[in-house]
Amino acid sequence: SFPLKSTYVQNLHSFNFIGLGFAINPNHRHTFHQLNKSIRLSATVNNAQGREADVHIISDSSLVDVKVHFGLDGAGVVHCDTGLPFLDHMIDQLGTHGLLDINVQVQRLSEAATDEIVNNTVGKAIGTAIAQLGLQQTKVSAEFFSPLDESLQSVHVDLCGSGSLHFDTTIPTRHVGRYPTKLVQPFFANLADAAGVALTVQRLTPASNCNSHHIIEASFKAFARALRRAIDIIDNRTVEASALIGPSVRSASLARSTGETDISVSMTMDGRGDHSECSTSIALLDRQLAAIAEASSISFDIQATGDTHIDDHHTIEDTAIVIGKVLQSALGDRSGINRMGFGSATVGFSTVHATLDLSGRPHLGFDVDFKDERINEYDTQLVEHTYQSLVNNSGLTLHIRLLDGTDSEDTIMAIAEAVGSALRMGIQYDPRRAGKIASSKGVL
């Protein structure tokens with residue numbers, strides 16, 4: 001880091017400032033001006049901690065004027081007026097999910113200012129703000145997985161000082177509203193180049209089965225949360241044990257009797273998960289539930305009896321239904337929590353990845369095939385049905401993917417551990433959210 005004097009500012013006129021990493025002394029207020037054939041840039045780091053930046057760009061033959069304020073320590077307050085409503089909505093996702101304060105104002109200076117020029121310049125301006133804060137000098141990387149109903153996107157952020165984009169995402173339609181979907185990739189490309197960040201945006205579900213709006217929004221959410229994870233690594237921020245409990249211990253219970261089963265479930269999100277009793281008379285189901293409890297740090301008391309003399313279907317299904325209802329009740333309105341989470345687990349030679357969103361919208365993506373029809377008396381078809389019943393009754397979006405392995409029993413247990421790990425991340429409180437719901441809508 002070094003304090004910049006006026007001579008340094010003058011010398012900057014000969015450099016292409018965008019994409020270069022400068023170590024900025026946070027105790028000084030600096031304004032940089034850069035001129036070349038295509039862009040005029042003014043950028044300011046404007047507080048003592050170097051946690052906020054203001055950028056002003058006039059680009060492409062003076063067609064577009066863009067002003068951006070970017071703050072790292074906000075609560076997701078976003079004010080955005082680009083003239084492209086869908087882009088405004090996506091930038092809103094960046095702020096809400098990344099806990100970033102973002103203000104973007106765009107003025108078109110000419111009728112020749114196209115949507116593409118606006119889109120690309122906004123991406124460059126946001127990227128430039130990130131560069132001004134010196135994040136690209138930390139060499140930190142982070143990844144996040146974001147589901148949105150049927151869509152699942154991952155974004156890897158590498159604060160390496162060199163801007164690049166690997167965009168492995170196909171968007172099936174040409175427009176969302178009046179926003180051309182072809183502009184998504186150049187938005188991220190301009191942002192990555194200006195920020196000095198290597199981005200990988202990857203689609204993990206078939207595009208043909210996905211809604212274009214969902215693909216794009218999941219990409220922006222994943223980027224926001226990956227960037228926040230990287231910032232938290234830089235800040236040495238760790239999850240406190242109290243984050244698993246929150247302001248008060250969350251608990252719920254329910255008993256449900258039908259002509260086929262009697263189920264009772266009590267759940268306490270106590271940050272421990274080691275005080276669980278699971279008694280369903282189905283040994284492999286008990287092991288799965290115990291694994292979920294331990295990995296999620298949620299304590300369960302599950303008692304179930306049913307018509308297992310017919311088969312295990314009713315008991316397994318009804319147990320999952322009641323667990324889902326109890327989970328939904330214990331979470332309440334989901335205010336103040338992370339909401340999204342992911343995790344992976346390896347059991348034996350099977351590796352499974354799970355991603356979830358406590359969104360209130362039930363959806364299950366189950367990318368697992370079992371080589372065995374049965375494990376002793378346990379029907380492996382019931383594994384997917386278990387999680388479908390859980391999802392339907394908890395308002396949970398859940399994607400489960402088998403990454404490696406062929407042993408059916410190992411895979412079943414790896415699924416349980418991965419789901420538990422994802423749930424643990426999702427239910428954690430983040431005090432920076434100040435009790436607010438992690439959604440641009442303000443409600444789930």
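**View 1. Packing of helices H6 and H9.** Helix H6 and helix H9 (residues 408-427) pack with their axes 7 Å apart and at an angle of about 30°. Angles under 35 degrees count as roughly parallel, so H6 is roughly parallel to H9. The crossing of the two helices, H6 and H9, is right-handed. On the H6 side, the contact is formed by Leu284, Arg287, Gln288, Ala291, Ile292, Ala295 and Ser296. H9 contributes Glu409, Ile412, Met413, Ala416, Glu417, Gly420, Ser421, Leu423, Arg424 and Ile427. As in the other views, the coordinates shown belong to a predicted model.

**View 2. Helix H6 and its surroundings.** H6 comprises residues 283-296, a total of 14 residues. From its first C-alpha to its last it reaches 20 Å, close to the 20 Å expected at 1.5 Å a residue. Because 10 of its 14 residues are buried, H6 is largely enclosed by the rest of the structure. The buried residues of H6 are Leu284, Leu285, Asp286, Gln288, Leu289, Ala291, Ile292, Ala293, Ala295 and Ser296. Ser297 follows H6 and has a positive phi, near 60°.

**View 3. Packing of helices H3 and H4.** Helix H3 (residues 115-132) packs with helix H4 (residues 184-195) at an angle of about 30°, and their axes are 7 Å apart. This angle makes H3 roughly parallel to H4. H3 and H4 pass each other in a right-handed crossing. The residues of H3 that take part are Asn119, Asn120, Val122, Gly123, Lys124, Ile126, Gly127, Thr128, Ile130 and Ala131. They meet Pro186, Phe187, Asn190, Leu191, Asp193, Ala194 and Ala195 in H4.

**View 4. The largest nonpolar core and a separate core.** The largest nonpolar core has 66 residues. Val68, Phe70, Val122, Ile126, Leu199, Phe223 and Leu227 have the most contacts inside this core. Its largest share, 10 residues, comes from helix H5 (residues 212-234). Apart from this core lies another, of 54 residues, among them Leu289, Leu356, Leu364 and Val368. Leu289 is also one of the buried residues of H6.

**View 5. Contacts of Ile126.** Ile126 is among the residues with the most contacts inside the largest nonpolar core. Leaving aside residues up to four places away in sequence, Ile126 touches Val68, Phe70, Ile91, Phe187 and Leu191. Ile126 also belongs to the set of H3 residues that meet H4.

**View 6. Helix H2.** The 14 residues of helix H2 (residues 85-98) should span 20 Å at 1.5 Å a residue, and the end C-alpha atoms are 20 Å apart, in agreement with that expectation. H2 is mostly covered, with 11 of its 14 residues buried. The buried residues are Phe86, Leu87, Asp88, Met90, Ile91, Gln93, Leu94, Gly95, Thr96, His97 and Gly98. Just after H2, Leu99 adopts a positive phi of about 55°.

**View 7. The loop residue Asn338.** Asn338 is located in the loop between helix H7 (313-331) and strand S17 (340-347). Buried means under 20% relative accessible area; Asn338, with a relative accessible area of 14%, is therefore buried. Not counting residues up to four places away in sequence, Asn338 touches Arg225, Met425, Gly426, Gln428, Asp430 and Ala438. The C-alpha atoms of Asn338 and Ile437 are separated by 8.8 Å, although these residues are 99 residues apart along the chain.

Technical notes
Residues numbered from 1 in each chain as written. Predicted model: local features only at pLDDT ≥ 70, side-chain atom pairs only at ≥ 80, totals over all residues. Heavy atoms only, no water. Helix = DSSP H or I, 4+ residues; strand = E, 2+ residues; numbered from the N terminus. Expected span 1.5 Å × (residues − 1). Buried < 20%, exposed > 50% of the residue type's maximum accessible area, 1.4 Å probe, protein only. Core = buried A, V, L, I, M, F, W, Y, C linked by side-chain atoms within 4.5 Å. Contact = heavy atoms within 4.5 Å. Axes fitted to C-alpha atoms, helices over the stretch in contact; angles between N-to-C directions. Parallel < 35°, antiparallel > 145°, perpendicular 65-115°, else oblique. Left-handed = near helix turned anticlockwise from the far one by under 90°.
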